[in-house]
Amino acid sequence: MQIDRRGLARRSSASWKLGVLAGSAMVLGACASPTPSSFIDSTASAGRVRTMDVCGRVRPGGGALRCMAKIVLNPDGTVKQASTPQGYGPPDLRSAYGLPSSGGNGRIIAIVDANDDPTAESDLGVYRAQYGLPPCTTANGCFKKVNQNGQASPLPATDTGWAGEISLDLDMASAACPDCKILLVEASSATTTDLGTAVNAAAALGASAISNSYGGGEDSSVSSASSQYYDHPGILVTASAGDQAYGAEFPATSQYVLAIGGTALSKASNARGWTESAWTSGGSGCSAYIAKPSWQTDTGCAKRTEADISAVADPNTGVAVYQTTGASGWAVYGGTSVSAPLVAGIFTILNLDAGGPSFPYSHTSDFYDVTSGSNGSCSPAYLCKAGSGYDGPTGWGTPNGKALTSGGSGSSSGSSSGSSSGSSSGSSSGSSSGSSSGSSSGSSSGSSGGSSSGSSSGSSSGSSSGSSSGSSGGSSSGGGTCAHAVCSTGVPLTPSCSTCATDVCSADPYCCNNQWDSICVSEVPTYCGQSCSGGGGGSSSGSSSGSSSGSSGGSSSGSSSGSSSGGGTCGHSVCASGSSLTSTCDACATDVCAADPYCCNTLWDNICVGEVSSYCPAGTCP
């Protein structure tokens, strides 16, 4: 898998500027660029919390991965923190999943994350002391921290976003299995290669379970990466299914991992004392590359389906975490970064860590069936809507510790019959046609075929970087009205507004659930077979098939927007992606490149375009 160093440096790091907290400006993150507003969920309404992705976003594929943690914010956008725990703690989680208060017999749970959290051990000590859990320290042999090669040094650079992820993972493993040892393996960077190397190191150091709270979009390299890094027979490997709703993510789609989805967990006056529903942002989907394992028999995906099982992940029913690197105490976290280490701890304390990803399929009755909630709309519906039996967002359900204590009571016959019945009962409508539609959701390759022939209504004269063969910003009609062109950033689009929006959102649900940002725009060529290099303003109804008029090398004078003259000649408009610009060609280019040298040293891509409005006083792009 090719390493997207650009995505790694600026998307997978958390560049959070969170405003003033307790009278002082509090900056959580390793990057100097402003926090993209798209990283913050501003859609919270009454009864819904506001959250932020602590590790930002990365482009699908390319080797750059992101953690799946969400931190709860105050209404003003600052991190919600307190001097005492908020959210669910170990007693709540043990009660919800029927877990014993001790066990694990000193087996090792490995936590694999990127970058270093220098206060990981001390923060873990505060969490465990708060809840009366036995100390887990380097001195008593319970805690160990190593780099991706299994060595105590050198450790990677500190990243405050990933530090939050690390604190969350360590706390959840402790909550589920207080007597387990914890091995923290810190990868040098958030790439498939480095994180995968760390997984191999964890296995070599004797881990019984390995938790991976990260993921990213698939590309053609995931099949080989799956075998190279995640195939460890006899060791449970868990992976977060994602927190961007419907759409496959790797490594959760690996046939060697237990893919963990997310639920909302609430107390209830029933026999269990708790109730769960599918989390609206929890991941599910069909792999485009990983073959369907023999133990998975649902018919909606031609290849591997995620998730397998699930656990609490909704930030609205979040968990308590203690963190001081990049934060200052107790915070509330959500995301499938909660469920992956929690399940790793649950399986380990119940002596099920050698069961592997096929285990739930042969013990279906030992999980709490989650039958309500969804993460969107798809066909067949069970891939994104919870129902009786198997479904995409919650798999076979959540662990029932009391049923699983004896090693599971379900039979293998429950797997084959339950799997097929889960498919039909989860959504009887449309399940017969689910095979083709399910598999297409993960397979990008632009099924709209570039036939968009959209008109380039926003293409300013002479500023498109390259002759984009007539598809500048258009998208073929999909039976609806788009709020804006697919080549323009803005509010989230409705998938039905165009076939291109459908294709992009199938691969990257963020674009239809949260915001159509510059990453969504950059995905249009990949998934729709059309170009957005003409300045981005094509109408969604697209009618003309002619190419946008400018050829590469158009002068910036008179270009689309926001590029004041700076004493040089630009290769293209600052509002069009293309070759790297010379910082002296334009005052706006100078400002952008001062903050983001990649734009002048390597490539002026859609992220550079998206930064125009941030760094140029009067700069906006269509």
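Colleague: Is Cys497 buried or exposed?

Modeller: This is a predicted model, in which local features need pLDDT of at least 70 and side-chain atom pairs count only at pLDDT 80 or more, while totals for chains, interfaces and linings use all residues. Residues are numbered from 1 along each chain as its sequence is written, and side-chain values use heavy atoms, with hydrogens and water left out. Buried means under 20% relative accessible area, exposed over 50%, and partly exposed in between (1.4 Å probe, protein chains only). Cys497 has a relative accessible area of 2%, so the word for Cys497 is buried.

Colleague: Which residue does Cys497 join through a disulfide?

Modeller: A disulfide is a covalent bond between the sulfur atoms of two cysteines. Here the term is used for a pair of cysteine sulfur atoms within 2.5 Å. The S to S distance for Cys497 is 2.0 Å, and the partner is Cys482.

Colleague: How many residues apart are Cys482 and Cys497?

Modeller: The link of these two is right-handed, with 75° about the S-S bond. Helices (H or I, at least four residues) and strands (E, at least two) are DSSP runs, numbered from the N terminus. Cys482 and Cys497 each sit in the loop between helix H10 (434-442) and helix H11 (499-507), and the number of residues apart is 15.

Colleague: Why is the disulfide of Cys570 and Cys585 called right-handed?

Modeller: Their sulfur atoms are joined at an S to S distance of 2.1 Å. Cys570 counts as buried at 2% relative accessibility, and Cys585 does at 1%. The disulfide is right-handed because the torsion about its S-S bond is about 75°.

Colleague: Which residues of helix H14 are buried, and why do they line one face?

Modeller: Within H14 (residues 587-595), the buried residues are Cys588, Ala589, Val592 and Cys593. The arc is that of the directions from the helix axis to the C-beta atoms. Seen down the axis of H14, the buried residues line one face because they fall within an arc of 125°.

Colleague: Which residue caps the N-terminal end of H14?

Modeller: Look for a side-chain oxygen that lies 2.7 Å from the backbone nitrogen of Cys588. That oxygen belongs to the capping residue, Asp586.

Colleague: Which residue forms a disulfide with Cys588?

Modeller: The two sulfur atoms are 1.8 Å apart, and the partner of Cys588 is Cys616. Cys588 lies in helix H14 and its partner in the segment after helix H16 (606-615), so the pair ties together parts that are 28 residues apart in sequence. Both residues are buried, Cys588 as well as Cys616.

Definitions and conventions:
A polar contact is a pair of N or O atoms within 3.5 Å; within protein, one must be able to donate a hydrogen and the other to accept it, and residues adjacent in sequence count only if both atoms are side-chain atoms.
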